Amino acid sequence: MMTLLPVDMMRILPEIILSVFAVLVMLLEPFVRGASKKLLGWLALLGVLAAAGSTVRIWLYPWPGMGTAFGGSVSADEFSFFFINLFLLVAGLVILGSMDYLERNHADHGEFYALTLMGTVGMCFMAASTDLIMIFLGLEISSIATYILAGYRRDDRLSNEAALKYFLLGSFATAFFLYGIAFVYGLTGTTNLLGASTRMGAPGQWTAFAQAGLILMFVGLAFKLSTAPFQIWAPDVYQGAPAPVTAFMSVGPKAAAFSVLIRIFLGSFTSANALSMKILWISAALTMCVGNLGALWQSNVKRLLAYSAIAHAGYVLVGVAAGGSKGISGVMYYLTAYALMNVGAFLLIAYLAGPDEQRVEIKDYHGLATERPAVAACLTVFFLSLAGFPTTAGFLGKFYLFRAAIHSHLVGLTILALLNSAVSVYYYFKIIVAMYMNEDKTECASVTLPWPVRAALGVSVVGIFYLGLAPNDFMGLTLIASTSLFK
Amino acid sequence: MDWLNEHTLTIVIFLPLLGAVVIALLGRTRASSARAVALLFSLLTFLVSMRVYLGFETCHGFEEMVPWMGSPPVNYHLAVDGLSAFMILLTGFLTPLCVLVSWKSITERANEFFIFLLALQTGMIGVFASLDLLLFFFFWEVMLIPMYFLIGIWGHERRVYASIKFVLYTMLGSALMLTGIIYLYNVTGSFDLPRVMDHLVNYSALSPVAERWLFLAFFIAFAIKVPVFPFHTWLPDAHVEAPTAGSVILAGVLLKMGTYGMLRFCLPLFPDAANAFAPVICFLAIVGIIYGALVAMVQPDLKKLVAYSSVAHLGFCVLGIFIMRPEAVEGAIYQMFSHGVSTGALFMLVGMLYDRRHTRLIKEFGGLATSMPIYSTFFLIVTLSSLGLPIMNGFVGEFLIIVGSFYRHASYTVFASIGVVLAAVYLLWAYQRVFYGEITKEKNRNIADCDLREKLILTIMVIVIIGMGVYPQPFLRRLDRGVTTMMFRLNRKSLLLTDRAPARHPGVGR
């Protein structure tokens, strides 16, 4: 029987803060009426800021907040803190961007914020856990929250379809993950990553059972990462879910799954390098191609970005395949850049779409640049960054990933990735063409952007340029975070 | 003064961008002030680029070096030599003229137009001034975006298609180049061009196979930009659809980035591979010369004719570069500049005609010499310069290239000369159909001749054309030293390797 020590609680402080605020939001919800539901949003935002503050404080004064807890099943290290802050960034931007969206779509219930916070808690546990069961619990917490969020527009058929699809396929995938855990447990007698990794087998001598366990876990994660061939659900779900939720789940759970992938494949089970390299190589190559080719034909902006999200998962997988502290820090940089540009793009789309998300076709954006130059410029920045043009974070992100890949002699994969990103320019520019090179009048021109959304967009745009032009400090952080994994 | 000298290149790069910011801050209503600001800043930039060109020898190439990114180390490393100063001068010279050319023809969204034009200039000068491979790539890619918007917003009917084709072609090429740059970094541990070069010379860090692949990765990116024969299909589309200023910049500067890249990176970094591929590339260049000329001959559209003539002229440049003889390389560089001036002027002239008649089809014209005497005189001078008549700029470059080609292989000389003859055929024939004969269309009878602004632009162009043709010495002298060093390195590297050829050890390189 494990005893709970106060120091253990200190080491999951960010998660505790988030949970407390989530519960608070739920408790207060019945007592808050009408327009003041937004207050709950601000409360949730306060929770996010408090959690972020606690991680900063712990990062600066590591004792007693850093270290392992609960008998080695949670590790509060720089690696997990980096990811926790990334999730908090995403949650904060999404909450800022959803308050007015929910009001306009008559869905302003406090549960939205509580679920967002709970989803974030789950993701934080995924990043911080060093025990397979804990990882599984984090995965479930975050998944269940996002299943509900996906169906948040209850009157909308697409949204319902998205939720159901996401739920059915998602539970199926977590079953795979659990099955993989069972294999590992059966072989080694422990679910602790550290303990299991030493007993799985010497390099190159994994039994078929051990390999199967690893592959099953990968399949479970691949679903969350929406990597090919487990990406089929993504376009439908991203299209159907409310746009701010899509912003949240196209980045948050994905980044969390990447943190788990890195911990398992690069941090622990390094003796299976040959096998995991094969898996990662194939799935990276497939994912990039499927995502980019799929996106070429889309006319719905949300769906287009869903395919682009698949492609981006492929690029990140290249970095994971590269491995080492270079690869991991590249992945961290890229995920942050991706969070800024993708959340920004989806938030803007959410508001341009109008009530009940009626305007999400590319043709709805015709002539936006003449009517609303600032809005169009903002969206252009997000798309240029997604396409990987210099001065934006998207370019340096790709650069760091591919540098790591070439360093690990993955020249073929890098060329494939770069050609893919050249192709991706075509579909991102389709939207830019619609905005700038078309004379039609758009209905989106009348959209008003409330100031919290402007703030969220401002943070994204400034962040994109800051990371793209002065990456030194941030790269330093990612290097510290990535090396902490190997301590 | 010291401060100015130490930061001249930064100033010349970012002055246009500053102008773009000023225009952006002006707001949406004032198109006329946007024009004025654009003209002011482009003229200032021209002055600074003159300073760069005249002073680079005494000021150590205006070298600037500031660390930018820590890991991997990327430096903000700028410097110019004869070649890049020449190109910066060309850019600085053409941009104010482009502003003037667009003075009246751009009325819709004029502010944005000049913002993009100035931003484009920043990118172009940055490309020529960068000595850090990644910084170079940075500018190389950034520059695509304003050009994309210039073609896509202010272009003609098929502008969207042409602009996306332009971007996609270039991006595919640069994907390969970025791989090459990162690979080079892994081998040499630096993005800094001088250091990379030192490393390659002193340690022979590349295996011959790797060197060939790297050469190809860079070469294809540049070949698409030039464009060398099989990669040229984006060019006619982009040229024809672009607004006049866009075409001028495209022909005048953007295409030169390809040949510049070959001179700056392909030859010095991978001399053996360059030697090995030279015959193939020369062949492609000659195909481009002949093919470009033949296709230009049958074009019904005046602008398309000029576009294909660019393919032919740039074929000369590539030929000159890969003949790898000092005089030919000098000729190629000279031809780069003079093609920028002549073809730039031709596009301006075609644009002026289009402004009046809204068509560029040759058959729509005829007998213009009577209704537009001044215009047709200018057109004649520019045409003659473009086809390489002696005492004009086009002659010097082509002559040097053809002379150089003779030392390499006589057949090059023969085919290149055929190209010169064909150029005379398509240019003069087009001139004849447009300007001589009876006036066949009533609209052409009362067509207005050049106004003051147009006369000003064309006079400047003609002065440069004749000046460069009559007295090329000052230009060539400045080029000389840079080219000699490059050639020295080319030959030395090849000699070193041939000496060592039998004992090529497998341990070197990866």
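User: What percentage of the 487 residues in chain A is buried?

Analyst: This is a predicted model. In chain A, 62% of the 487 residues are buried.

User: How many helices and strands make up the secondary structure of chain A?

Analyst: Chain A has 21 helices and two strands. Its radius of gyration is 21 Å, close to the 23 Å of the globule rule for 487 residues, so chain A is as compact as a globular protein of that length. The C-alpha trace spans about 65 × 55 × 40 Å along the principal axes.

User: Which residues of H10(B) are buried?

Analyst: An α-helix has 3.6 residues a turn, so residues three or four places apart point the same way. In H10(B), the buried residues include Glu211(B), Leu214(B), Phe215(B), Phe218(B), Phe219(B) and Phe222(B). Helices H8 (159-188), H12 (244-269) and H13 (271-297) of chain B are among the elements that cover the buried residues of H10(B).

User: Where does Pro229(A) lie?

Analyst: Pro229(A) is in the loop between helix H10 (208-225) and helix H11 (233-240) of chain A. The peptide bond from Ala228(A) to Pro229(A) is cis, with omega near 0°. In chain B, the bond from Val226(B) to Pro227(B) is cis, with omega near -10°, and Pro227(B) is in the loop between H10 and helix H11 (234-241).

Definitions and conventions: Residues are numbered from 1 along each chain as its sequence is written. Chains are lettered from A and ligands numbered from 1 in the order in which they are written. This is a predicted model: local features need pLDDT of at least 70, side-chain atom pairs count only at pLDDT 80 or more; totals for chains, interfaces and linings use all residues. Helices (H or I, at least four residues) and strands (E, at least two) are DSSP runs, numbered from the N terminus. The radius of gyration is taken over C-alpha atoms; the globule rule is 2.2 Å times the number of residues to the power 0.38. A residue is buried if 20 or more other C-beta atoms lie within 10 Å of its own, exposed if 12 or fewer, and partly exposed in between; C-beta atoms are placed from the backbone. Two residues are in contact if their C-beta atoms, placed from the backbone, lie within 7 Å.
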